[in-house]
Amino acid sequence: MIWTEQPERAQWFYDQVKSILNGEREIPAVTYKRRGSEFHLSDFDLCVEKARLRLTLDETPAISNESALKFFRGRAIERCFGTEVEPIEKDGLVMTIDGECPWGLYEFKTANTDSSKFSPNSKRGGVYAHWAQRILGYMYATGAEEITLAIYFLSGNTPSHRGGMAGRESVVIRTFSGKPSTDTEAAENWGRILARKTALEDAISNGTPLPDEYTGEPWECSGCNYSEVCQRWRAF
Ligand code: SF4
């Protein structure tokens, strides 16, 4: 994808929060719908084995305190900016896009890094590959030619942070427009997602864990709720 900073879009997000502070708007409900047996596009962001375990275990392991707070923090913050778009489904994948702004659909993320160091098109320290995979999936499913990515940098430049510097904002929102870098990128991305979906379907019907290439990186395993039961756990 190609990302272009669109600073004027950030003000729309700030104004969304200010309208709550001014009593002009209410925060949409901070809820998660209980998941059923359907596949979600987000199941294919990173470790697909998580989805297999979620869909096949009789009892889902309890979420850790840390994970609960992390998920809730992101969820509560993103709800302050707008209402989710109604879920859509394509090729057996359900997806719920974060919201709509005056420039079309948007995806909202939070980050704990220094906003001034973030360069969206950088291979290291830019937009994560799994963020781009999901966003390209939204674009393919909806036909959108562009999407806005809003990133709320939560704490990266507080004075106590090692990268903190006087004069910089401690919390900030940066906004980017994202487009596929080629005419075929969104379709190729969708093909890879469907291949991951096929691997998940095969693993479920065979009753076996997914091959390594579809499972988590060590950093993902280390905070995973399924680590106690997962045969692919690899955090050391
Ligand atoms: S422990 Fe690792 S491999 Fe297993 S489900 Fe969790 S993230 Fe995936």
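In the predicted model, strands β2 and β4 run parallel and are joined by two bridges. Within this pairing, F39 stands opposite L93 of β4. The two strands belong to an open sheet of three strands, ordered β2-β4-β3, in which the pairing is mixed. The edge positions are taken by β2 (39–40) and β3, each of which pairs on one side only. Strands of a sheet pair through backbone hydrogen bonds, in either the parallel or the antiparallel sense.

The loop between β3 (88–90) and β4 (93–95) contains D91. This residue adopts a positive phi of about 50°, although D91 is not a glycine. D91 counts as exposed because 12 C-beta neighbours lie inside 10 Å, and a residue with 12 or fewer such neighbours is assigned to the exposed class.

Further strand pairing involves β8 (residues 172–179), to which strand β1 (residues 2–5) is joined in the antiparallel sense by four bridges. In this pair, T4 stands opposite S177 of β8. Strand β8 also pairs with β7 (residues 147–153), again antiparallel, over seven bridges. Here Y152 is the residue that stands opposite I173 of β8. In a regular strand, side chains alternate between the two faces of the sheet.

Among the helices, α2 (residues 49–56) contains the buried residues E49, K50, A51, R52 and L53. The buried residues of α2 pack against α5. Helix α5 spans residues 185–206 and includes L194. L194 has 15 other C-beta atoms within 10 Å and is therefore partly exposed, since this class lies between the limit of 12 or fewer for exposed residues and that of 20 or more for buried ones. Between L194 and P61, the C-alpha to C-alpha distance is 27 Å, and the two residues are 133 residues apart in sequence.

The ligand is surrounded by 14 residues, of which the closest are C47, G216, C221, C224 and C230. Two or more residues of this shell are given by each of α2 and α6 (218–222). The largest share, three residues, comes from α2. Classified by residue type, the shell around the ligand consists of seven nonpolar, three polar and four charged residues.

Along the principal axes, the C-alpha atoms of the protein chain fill a box of roughly 55 × 40 × 35 Å. The radius of gyration of the protein chain is 19 Å, which agrees with the value near 18 Å for a compact globule because the latter is the radius that 236 residues would have in such a form. Of the 236 residues in the protein chain, 27% are buried. Contacts in the protein chain between residues at least 6 apart in sequence join, in 70% of cases, residues at least 24 apart.

Definitions and conventions:
Residues numbered from 1 in each chain as written. Predicted model: local features only at pLDDT ≥ 70, side-chain atom pairs only at ≥ 80, totals over all residues. Contact = placed C-beta atoms within 7 Å. Pairing = 2+ DSSP bridges. Near = placed C-beta within 6 Å. Nonpolar A, V, L, I, M, F, W, Y, C, P; charged D, E, K, R; others polar. Rg over C-alpha atoms; globule rule 2.2 N^0.38 Å.
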